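Dear colleague,

A short account of the findings follows it.

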Amino acid sequence: MSSKEIIIDTSELRFIEGHGRLTVKISGKDVVAEFHNLEGPRFLTKYLRGKPAEMAPRVASRICGLCYTVHSISAAEAVERALGIKVSKEVRDLRNVLYLANNLRSHMMHLLYLSIPAIEGLISVLRMRDKNVFRVGSRILTKATELIEIWGGRSVHVPNVVVGGFGAPIRRKELLKSVKDLAGLLEDAQGFVRYAMDLELPDLERYRVLAASKKPGTYPIYSEDAAIALSDGSIMNGQEYYEGLEEVTKEYSTSKHVYFKDTEITVGALSRMMLNRRYLSFGARTLVEEVEWRINPFLVVKAQAVEVIHYMEELIRLGGELADVIMETENPAVCSVVDLETAEGAYGGSKGRGVFIAEAPRGMLCHSCEVEDGLIKEYRVYTPTAVNSMSIERDAVELVKRFRPIGMEKLKFILEDLVRSYDPCLSCAVSLDVYG
Amino acid sequence: MKLAFYSLTSCEGCLTTLITKLGPDLEGLWNNFDIDYFKLVREPVGGSRIPKADIAFVEGAVVTNLDREQLLEIRKNSRFVVALGTCASSGNIAYTASRGVDLKGRRLRDVEISEAEPISSVITVDYELSGCPVSAEEFTDALLRLVNSIEPVQPDFSVCYECKMKGNDCLLEKRRVCLGPLAMGGCGAACTSVGAPCFSCRGPAAEADLDAYLKTIEKKGVDRQRALMLLHMFTGKKVKEVLKNEQ
Ligand code: SF4
Ligand code: SF4
Ligand code: SF4
């Protein structure tokens with residue numbers, strides 16, 4: 001083996017959200033990987049400093065064009081926790097539905113447009129031989145977006161998610177229609193998911209600790225009182241998890257990486273699958289048996305495919321239940337509990353800290369804020385991509401070591417597939433920018 | 001005809017809006033035009049090089065040196081450049097948020113970060129379609145017009161107009177800061193229709209009259225400072241146009 005230094009550079013990664021790049025430097029037996037975030041910061045969390053607390057959901061929404069719904073909800077929750085505002089069960093149930101719709105939309109976008117075509121070596125989803133895969137997939141994506149539009153007041157960057165609840169009630173007729181439309185797509189979705197389940201994926205099993213929300217008997221996504229479980233058996237509450245998060249600056253990245261108590265953890269659909277798959281919905285449970293689940297990051301694609309069915313079935317079930325609760329007229333339990341943004345400032349005089357953690361599509365997302373005199377003093381967003389960055393680098397090293405004989409050109413493509421399998425979002429990750 | 005879709009520093013919400021709203025119809029767009037670059041939808045022709053295009057749609061603000069370099073290439077290789085969304089047209093929240101951050105305090109190896117700018121600060125822009133996110137209907141309309149060499153238009157009425165047409169109760173009456181009178185309509189008063197004030201995410205209305213607005217809110221007892229703070233939020237660099245008649 002020559003000791004000459006070789007660098008594999010993906011240059012700008014194709015088919016991911018935001019701008020990023022992976023480099024792997026090989027010199028003899030030494031292999032070093034660097035996952036670069038090249039996305040520029042937009043300083044949204046800094047912008048929030050000094051702003052009225054109720055602005056958080058609207059600003060946080062702009063973190064991501066795919067997961068705006070979960071960023072808005074997480075922001076509302078973090079502020080509510082900081083100020084000790086309790087929201088009704090109806091609000092939580094409705095937020096849960098929006099959260100699931102967000103995750104469905106994000107998974108469909110990732111599977112259909114970003115990962116499947118790339119795994120198959122195509123230049124675009126529009127070049128797939130089976131045109132039906134695109135037609136069905138894009139219909140599900142569009143339906144999930146419509147559901148968000150109906151409930152959130154707008155298809156992208158939803159104004160109806162506010163601190164304290166919802167600005168306006170969700171109408172029963174519209175709710176039933178969106179649920180019925182989704183139900184009508186379930187059979188087609190099975191076909192789409194089958195396509196993803198049958199993909200041949202590389203094997204890159206590597207041990208590390210996985211982390212996901214945990215609530216006995218459920219597959220928790222958005223939950224008021226879920227704990228956080230690690231695959232090593234430890235269980236903690238959200239506050240303990242949050243306190244274990246450490247920000248690490250890298251000179252090659254516009255965003256910080258996040259470690260948990262000085263070690264690597266991996267979050268996301270595969271972690272959820274490993275820890276909670278027994279509690280998936282009925283149709284998803286049948287699918288889940290097909291895969292021998294191991295800690296192989298490439299399996300995230302299949303975990304997402306299983307979750308697509310889970311989200312759809314849950315949305316259909318919960319939507320039906322909610323329709324019974326929601327009335328056509330204004331239901332004060334659902335509407336915002338406080339008249340926000342009055343000229344006086346809704347929360348003048350109030351202070352506190354709040355942390356909220358839930359399972360965004362790519363894994364546990366944590367929003368934390370400190371409020372003083374109704375104004376935001378500090379706001380931080382720990383995204384799953386920032387948490388998974390260390391795993392991406394370690395997997396890249398492992399991949400190069402194991403697959404080296406196939407040659408550098410091919411390695412580059414598999415490395416790109418590896419990064420993409422984590423479904424990283426660099427626009428989100430840059431929320432934890434290197435400037436503070 | 002060749003189209004291209006680029007993304008600079010952004011949330012990519014404008015491109016995902018087009019993708020999800022077009023849904024299966026994306027196939028029609030794909031079949032009717034040559035699309036050599038479309039972030040999230042296809043692998044660019046010729047790798048990272050910027051291809052020649054008749055119409056280039058650019059989402060995002062200019063924050064990094066990479067944004068700047070790419071944008072200059074885009075201008076060189078495109079006949080017509082359209083700013084897609086508020087990040088591209090005004091700099092969006094990042095415009096205000098990036099000012100006052102000590103950007104010299106930390107140097108990165110490959111990326112240089114500067115204060116956020118709309119794309120018009122760097123290149124000549126032929127048309128702006130603002131909106132956070134851009135409206136898919138307005139995009140389609142603009143595309144059809146451009147293909148037929150007709151100048152696209154965005155609404156010339158304010159959000160208030162649509163809000164009144166919907167019969168909403170005015171939030172100013174509840175002493176809440178709403179920028180509707182200053183904001184470009186076309187969104188169907190999306191926010192005020194669910195009880196959330198308008199923050200003018202689509203940029204200033206053609207008829208925006210700040211003086212009149214400030215007088216009105218003063219009469220209604222709405223907080224002026226807060227209104228001005230919110231006006232900066234999405235209006236970014238364009239706030240200068242709105243403020244020019246003030247004082
Ligand atoms: S204008 Fe809004 S939706 Fe579009 S990229 Fe910028 S932040 Fe995202
Ligand atoms: S609520 Fe806002 S948009 Fe609607 S009429 Fe009043 S000021 Fe105009
Ligand atoms: S109401 Fe105002 S803030 Fe809301 S979408 Fe319309 S222009 Fe944007």
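Which residues come nearest to ligand 3? Of the 13 residues around ligand 3, these are B:C187, B:A190, B:C191, B:C198 and B:C201; a residue counts as near if its C-beta atom, placed from the backbone, lies within 6 Å. The site is shared between chains, because residues from chains A and B surround ligand 3. The shell divides into ten nonpolar, two polar and one charged, where nonpolar covers Ala, Val, Leu, Ile, Met, Phe, Trp, Tyr, Cys and Pro, charged covers Asp, Glu, Lys and Arg, and polar covers the others, Gly among them.

This is a predicted model, in which local features need pLDDT of at least 70, side-chain atom pairs count only at pLDDT 80 or more, and totals for chains, interfaces and linings use all residues. Residues are numbered from 1 along each chain as its sequence is written, while chains are lettered from A and ligands numbered from 1 in the order in which they are written.

The contact between the chains takes 57 residues from chain A and 56 residues from chain B, two residues being in contact if their C-beta atoms, placed from the backbone, lie within 7 Å. On the side of chain B that touches chain A, 27 residues are nonpolar, 15 polar and 14 charged.

Of the 436 residues of chain A, 58% count as buried, that is, with 20 or more other C-beta atoms within 10 Å of their own, all placed from the backbone. The C-alpha trace of chain A spans about 70 × 50 × 40 Å along its principal axes.

With kind regards

Technical notes. Buried ≥ 20, exposed ≤ 12 C-beta atoms within 10 Å, placed from the backbone.
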